[in-house]
Amino acid sequence: WSSKWLLNFNPSKTKAVFFTLRSNYTLPKLQFQHCPLEFITSHKHLGLVLSQDLSWSAYIDSIVKKAYQRLGLLKKLKFTICRKTLSKMYTTFIRPLLEYSSIVWDGCPLQYVEKLEKVQLYAARITTGLPIISSRESLYLETGWEPLSERRRVAKLNTMYKVHNNLVPDYLKHSFPSTRRRESTYNTRNREDYTIPKCRLELYRKSFVPDTIKKWNNLNVSVRNNPSYSSFKNSIRHIPTKPPLYFSYGTRCLNIIHTKLRHNCILNYDLFRKNIIESPKCACGLPEDSYHFFFVCTNYTLARNELFRCLLHSTQLPVIDCHLLLWGDEAQNDDTNKHIFSSVQKFIRDSGRFTKI
């Protein structure tokens, strides 16, 4: 072929990979243009690192390392740009790195699934300002992001929908040798299911074709038969609740402290429960939780009086409690909630409790 089309290859730069799960094996003696080929343990092909043992550890380690390098740049901007911009930077420049060809390697071991998820959680902590002691639920609630594992599940099903409806190139459709429908003359529930190939090894069972067919068969038939690709995508996604816009309100430092108060990970009582400090008490001698900070502590009386004056004078609120001060009121409009958050953050600053502001 190369002679016919006058395209010369360099045999000294040509490598070979011997894919096998065996520990004892003999490498074949291969030559290319009379030059012996060198066997290597992994090779980067179309952006994916293909390993000799058919594992994705080398590839996932490489993208995790690259993602953390980019997150290092994001961390430097943590206190200078707003949450919305940080979130956009992550979803635009870093998350695609973690999801490139994810439907191919999604069957990787759980330890690597967790390693990838930790990258996103680290990005969520940078974006929200929450510390490492905050829960995953808090981080995903504040960002409105989906877990990466859920996004990969949706990507697999979207690809299967295209295969099912002949919306993919022939080479991809032909890579599904077992996607013939089960032949049955009875009107059973499984009549429209695809046959899952027999899998002797767990490695193959978790690979793209068997795992995707299994996920597809678990869908309701009415969902599989959606008339359009867009309606199918919307029907299989578990869309997370987007955080209110006023959660991003305020200067960056005050917004971070407000967020930490909202998720109980900054005051002495909160840190004491996490075994970070030895005493839960405030400077006044009482346990320091959110209620104490906003309503009880005598150290902040003047700032508290100003807080209540602003809230009672400018808004018609049924009750002023910790939930209102930390989470806002969904029954009110954005302008009212922004006023609440502005008053609370002014109290945080005037209290002098957090000296790093």
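Two strands are taken to pair if DSSP finds at least two bridges between them. In this predicted model, strand S5, residues 42–45, and strand S6, residues 48–51, are joined by 4 bridges and run antiparallel. Within this pairing, lysine 44 stands opposite valine 49 of S6. Histidine 45 has leucine 48 in S6 as its bridge partner. The hairpin formed by S5 and S6 has 2 residues between the strands, and leucine 46 takes a positive phi near 55° there. In a regular strand, side chains alternate between the two faces of the sheet.

Helix packing was examined next. Two packed helices are described by the angle between their axes and the distance between the axes. For helix H15 (residues 301–314) and helix H17 (residues 334–351), the axes come within 9 Å and cross at roughly 170°. Angles over 145 degrees count as roughly antiparallel, so H15 is roughly antiparallel to H17. On the H15 side, the contact involves Ala303, Arg304, Glu306, Leu307, Cys310, Leu311 and Ser314. These residues meet His339, Ile340, Ser343, Val344, Lys346, Phe347, Asp350 and Ser351 in H17. By class, the residues of the contact of H15 with H17 comprise 7 nonpolar, 4 polar and 4 charged.

Ile126, Thr127 and Thr128 of H4 make the contact with Arg252, Ile256 and Thr259 of H12. The contact of H4 with H12 divides into 2 nonpolar, 3 polar and 1 charged residues.

Aromatic side chains were also considered. Pairs of rings with centres within 6.5 Å number 21 in the model. One aromatic cluster is formed by Phe293, Phe294, Tyr300, Phe347 and Phe354. Phe347 of this cluster is also among the H17 residues that meet H15.

Arginine 262 lies over the faces of two aromatic residues. With phenylalanine 247, arginine 262 is at 4.0 Å from the ring centre. With tryptophan 327, the corresponding distance of arginine 262 from the ring centre is 5.7 Å.

Definitions and conventions. Residues are numbered from 1 along each chain as its sequence is written. This is a predicted model: local features need pLDDT of at least 70, side-chain atom pairs count only at pLDDT 80 or more; totals for chains, interfaces and linings use all residues. Side-chain values use heavy atoms; hydrogens and water are left out. Rings of Phe, Tyr and Trp (its six-membered ring) pair if their centres lie within 6.5 Å; planes under 30 degrees apart count as stacked, over 60 as edge-to-face and the rest as tilted. A charge sits over a ring if NZ of Lys or CZ of Arg is within 6 Å of the ring centre and within 35 degrees of the ring normal. Axes are lines fitted to C-alpha atoms, for helices over the stretch in contact, and angles run from 0 to 180 degrees between N-to-C directions. Angles under 35 degrees count as roughly parallel, over 145 as roughly antiparallel, 65 to 115 as roughly perpendicular and the rest as oblique. Contact means heavy atoms within 4.5 Å. Ala, Val, Leu, Ile, Met, Phe, Trp, Tyr, Cys and Pro count as nonpolar, Asp, Glu, Lys and Arg as charged, and the others, Gly among them, as polar.
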